[in-house]
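Have a look at the model, then work through each task before reading its solution.

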Amino acid sequence: MTQTLRYKYPLQLPQSLKETAARLAQEDGVSLNQWIVSAVAQKIGAMETAADFLKARAGTAKRGDLTRLLDQAPDVQPMPEDAIKD
């Protein structure tokens with residue numbers, strides 16, 4: 001069985017955030033440390049998934065492609081429902 005290396009990190013949280021995290025950990029029936037590790041893992045997963053999604057959506061687009069596309073748009077006033085209100 002391969003053992004995962006673990007590192008200690010002196011985490012400083014605002015008191016209100018720590019209290020909320022502790023309450024949620026207790027509700028989940030896990031330690032605060034376990035809950036924080038899970039929260040960090042979820043955030044990393046979400047960020048990496050978003051990055052992969054955006055890279056795939058960008059495809060072969062290059063800097064300036066959007067500007068060239070917008071330059072082709074007609075120069076007309078927005079419809080009343082799309083106008084910025086003062």
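Helices here are DSSP runs of H or I with at least four residues, numbered from the N terminus. Keep in mind that the model is predicted.

**Exercise 1.** Find out how many salt bridges a search of the whole structure gives.

Solution. Use the cut-off first: a side-chain nitrogen of Lys or Arg must lie within 4 Å of a carboxyl oxygen of Asp or Glu. The search then finds 2 salt bridges.

**Exercise 2.** Describe the pairing of arginine 23 with glutamate 27 and say where both residues lie.

Solution. Start with the distance: the closest N and O atoms of arginine 23 and glutamate 27 are 3.1 Å apart, and the two form a salt bridge. An α-helix has 3.6 residues a turn, so residues three or four places apart point the same way. Finally, check accessibility: arginine 23 is partly exposed at 42%, while glutamate 27 is exposed at 55%.

**Exercise 3.** Compare the span of H1 with the expected one, then look just after the helix.

Solution. H1 has 14 residues and reaches 20 Å from first to last C-alpha, close to the expected 20 Å. Just after H1, glycine 29 takes a positive phi of about 75 degrees.

Conventions:
Residues numbered from 1 in each chain as written. Predicted model: local features only at pLDDT ≥ 70, side-chain atom pairs only at ≥ 80, totals over all residues. Heavy atoms only, no water. Helix = DSSP H or I, 4+ residues; strand = E, 2+ residues; numbered from the N terminus. Buried < 20%, exposed > 50% of the residue type's maximum accessible area, 1.4 Å probe, protein only. Expected span 1.5 Å × (residues − 1).
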